[in-house]
Every structure is written in C-alpha cells, then in structure tokens.
Amino acid sequence: TLTVWDGSDLPATTQPFTVTITGTNDAPVLSAIAAPVAVVEVADASAQNIAALSGDLEINDKDVGDTLTAVIVGSPAVKLDGADFTLPAGAAAALTSGALTLAAAATSNGGARTIGWTYDPASADLDFLGEGESLTLTYTIKVDDGTTDSTQELVITITGKIGRAHV
C-alpha cells in the first residue's frame with residue numbers, strides 16, 4: 001500500500017501498489033582455459049606413459065541454483081606444427097579415446113564455480129614426432145546451465161624430442 005499526502009489539510013490518499021520483478025536467465029560464462037604445461041616426448045617413446053594433466057574450468061553464472069554441466073563437444077582437432085594431422089592408429093586410440101574427462105556438474109551460486117578436468121591418456125607410441133615438432137589436441141568444452149551455454153577450447157600440447165634410431 002502506498003500513501004500519498006501533500007501536507008495540506010486534505011486527507012492522505014492510499015492506493016494499492018504492486019512492484020513486479022521479472023528475472024531473466026543469465027548465460028553461464030566459461031573463462032578461457034589455461035593451457036597445461038606441454039608434455040615432452042621421452043627419448044624412446046615407443047610406449048610413453050604420459051603423466052596425467054589436470055586443471056579447472058572456471059564458470060560464472062549470475063543465476064543462483066542452476067546446474068552447470070560441462071561436456072566435450074565432438075573429437076579433438078589434431079594438428080602437427082599448426083597443420084591438420086591424422087594420428088597414427090595406435091596413437092589416436094591412446095591419445096584421444098576417453099583421455100579427457102570432466103568432473104561432475106556444479107550448482108551455480110551467483111559467482112564463480114569450478115569443474116575439474118583431467119587428461120590421462122593410455123601409453124602411446126610418440127616416435128612419429130620429430131625433434132621440436134608440436135602436436136596439439138584441441139578439445140572444445142561446453143558448459144550449459146540448462147538454458148544457455150558457453151564454450152572454450154582446451155589445448156593439450158606434446159613436443160617431439162629426438163628418439164633412438166630404428167633399424
């Protein structure tokens with residue numbers, strides 16, 4: 001109820017007063033994903049066990065209570081020294097198939113939340129990499145709040161090193 005009085009001898013006027021606030025859905029914002037330290041191929045990488053890499057996805061969503069779910073979109077883009085590249089069969093299965101995992105969903109709190117990620121590939125034959133060559137696996141990560149989403153790229157880099165000679 002709103003009461004208005006102009007200060008005169010006349011009585012104040014009272015009327016019902018309604019304020020309606022309509023919320024809008026704010027999209028989650030997935031911050032740029034910091035690239036992990038590059039993996040360096042060992043001298044004889046015929047079955048290199050790459051140590052697990054991990055980090056966090058930082059998500060901001062102003063809407064409190066939304067479920068923030070992270071997913072990997074498609075297969076990673078594979079490049080060798082910046083050019084599209086097809087991994088040898090054994091390396092492809094070891095380096096990309098199920099190697100990247102994302103932690104469970106988080107609930108937004110109106111501020112920053114994190115969802116963990118881990119890249120833990122199977123042992124792989126990396127001897128196809130030459131000295132100083134850079135193999136990159138670029139994953140597209142999408143975070144969804146049930147209504148809208150946000151994407152960023154996670155880049156894993158493996159750097160070649162001179163291996164032993166093969167006869």
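Q: How many residues lie between β6 and β7 in their hairpin, and which residue in the turn has a positive phi?
A: Strands and helices are DSSP runs numbered from the N terminus (helices are H or I with at least four residues, strands E with at least two). In this hairpin, two residues lie between β6 and β7, and aspartate 81 in the turn has a positive phi of about 50°. The structure is a predicted model, in which local features need pLDDT of at least 70 and side-chain atom pairs count only at pLDDT 80 or more, while totals for chains, interfaces and linings use all residues. Residues are numbered from 1 along each chain as its sequence is written, and side-chain values use heavy atoms, with hydrogens and water left out.

Q: Over how many bridges do β6 and β7 pair, and in which sense?
A: Two strands count as paired if DSSP finds at least two bridges between them. Here β6 and β7 (residues 83-84) are antiparallel and share two bridges. Within this pair, lysine 79 stands opposite aspartate 84 of β7.

Q: Which residue forms a salt bridge with aspartate 84?
A: Side chains of opposite charge can pair when their charged atoms come close. The term salt bridge requires a side-chain nitrogen of Lys or Arg within 4 Å of a carboxyl oxygen of Asp or Glu. The partner of aspartate 84 is lysine 79, and their closest N and O atoms are 2.8 Å apart. A search of the whole structure finds one salt bridge.

Q: Is aspartate 84 buried or exposed?
A: A residue is buried under 20% relative accessible area, exposed over 50%, and partly exposed in between (1.4 Å probe, protein chains only). Aspartate 84 has a relative accessible area of 66%, and therefore counts as exposed. Lysine 79, with 30%, is partly exposed.

Q: Which other strand is joined to β6 by three bridges?
A: That strand is β9 (residues 106-109), which runs antiparallel to β6. In this pairing, valine 64 faces asparagine 109 of β9. With β11, β6 forms an antiparallel pairing over nine bridges.

Q: Over how many bridges do β11 and β12 pair?
A: Their antiparallel pairing has eleven bridges. Serine 134 has threonine 159 in β12 as its bridge partner. The two strands also form a hairpin with four residues between them, where glycine 146 in the turn has a positive phi of about 95°.

Q: In what order do the four strands of the open sheet stand?
A: The order is β3-β5-β10-β8, with antiparallel pairing. The edges are β3 (29-30) and β8 (100-102); each has a single partner strand, so one side of each is left without a neighbour in the sheet. Strands β5 (residues 53-60) and β10 (residues 112-119) pair over eight bridges, again in the antiparallel sense. There, isoleucine 59 stands opposite arginine 113 in β10.

Q: Which residues touch the most other members of the largest nonpolar core?
A: In soluble globular proteins, nonpolar side chains tend to be buried together. A nonpolar core is a set of buried Ala, Val, Leu, Ile, Met, Phe, Trp, Tyr and Cys residues joined through side-chain atoms within 4.5 Å. The largest core here has 32 residues, of which Leu57, Leu95, Trp117, Tyr119 and Tyr139 touch the most other members. Elements giving two or more residues to this core are β5, β6 (64-80), α1 (89-96), β10, β11 (134-144) and β12 (149-159). The most, five residues, come from β11.

Q: With which residues is leucine 57 in contact, leaving aside its neighbours within four places in sequence?
A: Contact means heavy atoms within 4.5 Å. The contacts of leucine 57 beyond those neighbours include Leu30, Ala70, Leu102, Trp117 and Ile141.

Q: Where does serine 97 lie?
A: Serine 97 is in the loop between α1 and β8. At 56% relative accessibility, this serine counts as exposed. Alanine 122 is 25 residues away from serine 97 in sequence, and the C-alpha to C-alpha distance is 8.9 Å.

Q: How many helices and strands does the chain have?
A: The chain has one helix and twelve strands. Along its principal axes, the C-alpha trace spans about 110 × 25 × 25 Å. Of its 167 residues, 29% count as buried.
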